[in-house]
Amino acid sequence: MVLAVALGIAVLGVALLVGPAGLGMGDVVAALADRLPFLEVESSLTERELTILWEIRLPRAVMGALVGATLASAGAAYQGVFRNPLADPYLLGVAAGAGLGATVAILLRAKGFPSMPLAPLAFVGAVLGVALSYGLSRTRGREKRSATTLVLAGVAVASFLTAVQTFLQLTNVTTLREVYSWILGRLVTVGWGDLYAVLPYMAVSWVVLLVFRRALDVMAVGDDEAATLGLSPRAVRLIVVGAATLGAAAAVSASGLIAFVGIIVPHTVRLLAGWSYRVIIPLSLLLGGAFLTAADLVARTVVSPAELPIGVVTAFLGGPFFLMVLRTSGDLE
Amino acid sequence: MNGLQLTNVSVVLGEARVVDGVSLRVEEGEWLGLIGPNGAGKTTLLRAIAGAADIETGEVYYSARDLSQLGVRQRARLMAVVPQHPVVPWGMAVADYVLLGRTAHMGWLSRETSNDLDVAREAVRDLGLEKLSGRRLDELSGGELQRAVLARALTQAAPLLILDEPTSSLDVGHGQQMMEMVDRLRREQGLTVISAIHDLTLAAQFCDRLVMMAGGKAILEGPPRAVITERSLRDHYGASVRVLTGPDFGVVVIPLRSDNGSGDRPASLDVETL
């Protein structure tokens with residue numbers, strides 16, 4: 001746990017230091033320290049450099065951390081309640097649903113509802129996505145159902161929702177640009193305002209998942225046995241899926257569609273720290289934050305001065321990782 | 001009214017009436033065995049008592065409390081279930097698994113108290129699992145796993161213990177040890193036990209009373225010697241058996257080959273004269 005916190009801080013630190021405008025480490029540390037209460041530290045950064053640090057690099061790095069933490073913990077939570085090692089916000093159609101919801105919100109803004117908020121509609125879309133995926137997977141008989149059934153249903157739902165979104169997008173060309181840049185991931189343009197807009201939803205999601213982490217351990221013995229142990233599996237599933245979906249929708253509405261974080265991080269945590277969600281949820285929050293900040297760092301440096309969409313970086317790592325989990329998922333059930 | 005009381009309980013699964021108007025009573029501290037051929041409805045009846053199967057008609061009371069009115073938590077404090085095929089969570093250690101039994105005694109936000117840990121430790125000791133408590137469940141043998149599941153059930157500190165075929169995956173030695181353990185625990189802790197049992201000889205040896213089910217109905221009830229008879233096993237199991245009884249070994253059921261040509265008819269027919 002201590003290691004994970006240290007790693008998170010280190011990654012955040014590197015993210016603040018790396019960029020086209022070369023800011024010295026001592027200066028950055030001094031500028032940060034100066035913002036702390038009761039500390040007066042001289043930093044040799046110019047106004048312009050301070051603006052880069054405070055208004056560009058810091059919000060971007062923090063947003064990366066928040067989104068990563070949220071997607072990773074949501075992925076871990078889905079894996080717990082669905083008892084499915086392959087569950088992930090992206091693969092369950094949650095992200096695609098949130099994308100559709102956000103697109104609708106952007107269109108409504110352009111059509112005379114300028115104050116249409118993004119996050120609530122993204123949440124409605126996300127709930128629609130996960131409900132459809134889960135519902136579809138349950139139509140298959142119990143004997144024939146496996147870990148991959150849910151994921152296949154999720155892929156079908158995600159494709160469908162994405163198709164609807166693309167249709168809306170192309171029939172409303174005036175807003176095409178805004179939607180498109182959003183889909184590719186918006187960490188580039190993120191400011192403190194965006195951060196404050198999604199933080200409450202994410203925070204609710206984290207708190208609920210942290211509170212329910214022991215319940216997720218109980219869910220590991222299956223619905224019937226969980227009930228005889230004194231836990232209502234349906235209530236737990238409803239609350240945990242609701243919270244994870246709320247967080248994932250907020251993350252998607254802030255940063256666009258970022259895949260595989262919810263698979264890579266929880267499974268890495270499992271390899272390092274074992275089966276218990278009491279450890280997996282908090283560590284996924286911490287390492288998810290560190291992971292996505294690092295991925296964003298790669299995204300903006302590897303083809304510098306151009307930038308890769310962050311979703312490309314996570315998918316590049318996540319694809320092979322997913323195959324590995326798929327190969328060993330027999331052991332995880 | 002103490003103990004468990006079922007009145008005219010029916011369970012319908014899909015189109016089939018799997019449990020059909022069963023009434024029975026288990027006194028406090030008693031061990032009632034449910035026997036019957038495959039598909040007789042034993043497991044479904046146990047699931048109905050445990051709240052895992054919906055009861056179509058009828059009532060289940062425990063210590064004058066209507067179980068249909070209880071939430072899952074209250075129910076879990078009254079009864080613990082040892083399923084026939086427990087789910088084995090990947091990677092979980094025995095000690096952690098046993099602690100899951102405390103779920104109904106803990107708040108949403110709280111962690112296990114030292115009392116919870118003591119209860120779990122005692123259950124681990126009672127079942128001789130001390131050396132295995134750090135081992136992963138998926139690395140245990142069938143008998144060890146069954147003991148871990150029983151330890152989890154004991155940790156629930158519930159007065160009623162429901163066992164579904166506790167010996168079905170165990171060899172004769174481990175099956176016997178399992179039954180001995182349940183018997184000792186119910187005497188020491190005053191538990192009321194209801195269990196479905198496959199092995200008729202074991203059922204007769206350990207249960208105070210038996211109920212034979214067939215076609216979803218409870219058709220015979222009484223002390224083992226009255227329920228396990230050559231006639232009842234022929235009529236309801238379609239089995240050709242020899243049932244031996246004796247003062248020092250209870251009831252023994254011997255299946256007979258229909259083909260006598262082998263010459264291996266049990267020589268132990270003489271035992272009757274013992």
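**Salt bridges in chain B**

Analyst: Start with B:Glu139, which is partly exposed, with 46% relative accessible area. This is a predicted model. The partner of B:Glu139 is B:Arg135, and the two form a salt bridge. Their closest N and O atoms lie 4.0 Å apart. The cut-off for a salt bridge is within 4 Å. B:Arg135 is partly exposed too, at 32% relative accessible area. That value falls between the limits of 20% and 50%, so B:Arg135 counts as neither buried nor exposed.

Next comes a pair in a helix. B:Arg121 and B:Asp118 join their side chains in a salt bridge, 3.1 Å from N to O. Both sit in helix 4 of chain B, which covers residues 114-126. They are 3 residues apart there, so about one helical turn separates them. B:Arg121 is partly exposed, at 47% relative accessibility. B:Asp118 is partly exposed as well, with a relative accessible area of 41%.

Now move to B:Glu27. This residue forms a salt bridge with B:Arg25. Here the closest N and O atoms are 3.0 Å apart. B:Glu27 has 37% relative accessibility, so it counts as partly exposed. B:Arg25 has 27%, and it also counts as partly exposed.

One more residue of chain B belongs in this picture. B:Glu112 is part of a salt-bridge network with A:Arg214, A:Asp217 and A:Arg278. That network brings in residues of chain A. Over all chains, the structure holds 24 salt bridges.

Technical notes
Residues are numbered from 1 along each chain as its sequence is written. Chains are lettered from A and ligands numbered from 1 in the order in which they are written. This is a predicted model: local features need pLDDT of at least 70, side-chain atom pairs count only at pLDDT 80 or more; totals for chains, interfaces and linings use all residues. Side-chain values use heavy atoms; hydrogens and water are left out. Buried means under 20% relative accessible area, exposed over 50%, partly exposed in between (1.4 Å probe, protein chains only). Helices (H or I, at least four residues) and strands (E, at least two) are DSSP runs, numbered from the N terminus.
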